[in-house]
Amino acid sequence: MCSMILSFVITSFNREVLILRTIDSILNQSTSSSLYEIIIIDDLSSDNTVKVLLNNYENEIDTGLIKVILNKENIGVTGSKNRGYEESAGDWVIFIDSDDLLVPDILPNMLCEFNDAPNSPIIFFRCCDEEKKFVGVKFDNKKILGIKEYVENTSFGEALTCINKNIVSELPYVSELRGYEGLGCSRIILRYGPSILSTVVARTYDTSGDDRLSSFVAFRKRSFLLCSGHFMYLKEFSTFMSYSLKFKYILKIIFYFSFGLYNKLIAKLKKEG
């Protein structure tokens with residue numbers, strides 16, 4: 001087994017019920033815990049998340065296996081991921097959401113992928129849902145994703161993103177967007193070269209909950225930020241887009257902005273009425 005150190009970064013906001021499952025899915029791997037660290041960034045939770053973590057993982061925290069870092073203000077998921085990246089000591093930084101699970105005994109397979117790709121800036125591992133159904137477009141062999149293919153297809157579905165810290169020294173994401181990780185990944189691929197889309201299914205993707213960025217509630221709250229993210233993406237990467245994709249982005253920008261104005265108007269009328 002290799003001697004590299006992996007950093008699992010888990011961002012959390014009010015996840016006292018779910019986050020223990022995520023952490024345990026890492027701790028229960030057959031691979032020695034000496035090969036990794038777990039960094040939890042709590043984004044100013046108002047529930048008992050921090051208390052639950054301190055009570056359940058006292059020994060792991062004391063030994064340094066788990067680090068619990070508290071944000072002094074709510075900075076959003078990408079800001080928290082950036083902070084976790086900054087605090088990490090691993091060669092590879094693995095971002096896993098606080099309501100997802102690492103597939104049982106998958107870490108040896110992931111380590112093999114890392115060992116085989118020391119010069120790749122990003123490796124995307126595949127996902128399954130709670131019923132173990134594959135999520136996304138499936139391929140028989142790993143794919144090399146250059147900037148053009150990534151811009152057109154991203155990671156072909158939900159993925160577990162792992163960034164090579166030996167290559168990527170800067171913070172990977174745009175904090176102010178509070179999401180929209182694809183922009184950061186695209187910048188990394190453009191600067192450092194193609195990423196790898198692995199065939200290894202490493203993440204169980206939880207589709208429940210209204211705080212998912214893909215949920216309608218979260219979408220409604222983030223419509224202006226989504227507008228900004230799409231505008232930034234179009235501005236920076238339109239060179240690599242097909243005409244049809246450019247048109248889709250323009251339509252989305254218009255829609256997100258209009259939807260944001262609509263929600264702002266409704267909120268104002270409710271307040272006045």
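Which residues does Asp129 touch, not counting residues up to four places away in sequence? In this predicted model, Asp129 touches Val135, Thr204 and Tyr205 under that exclusion, a contact being heavy atoms within 4.5 Å. Residues are numbered from 1 along each chain as its sequence is written, and side-chain values use heavy atoms, with hydrogens and water left out. As the model is a prediction, local features need pLDDT of at least 70 and side-chain atom pairs count only at pLDDT 80 or more, whereas totals for chains, interfaces and linings use all residues.

Asp129 is placed in the loop between β6 (122-128) and β7 (134-135); strands are DSSP runs of E with at least two residues, and helices are runs of H or I with at least four, both numbered from the N terminus. Asp129 counts as buried because its relative accessibility is 16%, the limit for buried being under 20% (1.4 Å probe, protein chains only). The side chain of Asp129 reaches the backbone nitrogen of Glu131 at 2.9 Å. From C-alpha to C-alpha, Asp129 and Lys165 are 28 Å apart in space and 36 residues apart in sequence.

The protein chain as a whole has ten helices and ten strands. Its C-alpha trace spans about 55 × 45 × 35 Å along the principal axes. The radius of gyration of the protein chain is 19 Å, which agrees with the value near 19 Å for a compact globule of 273 residues; this radius is taken over C-alpha atoms, and the globule rule is 2.2 Å times the number of residues to the power 0.38. Of the 273 residues, 49% count as buried. Among contacts between residues at least 6 apart in sequence, 80% join residues at least 24 apart.

Definitions and conventions. Buried means under 20% relative accessible area, exposed over 50%, partly exposed in between (1.4 Å probe, protein chains only). A polar contact is a pair of N or O atoms within 3.5 Å; within protein, one must be able to donate a hydrogen and the other to accept it, and residues adjacent in sequence count only if both atoms are side-chain atoms.
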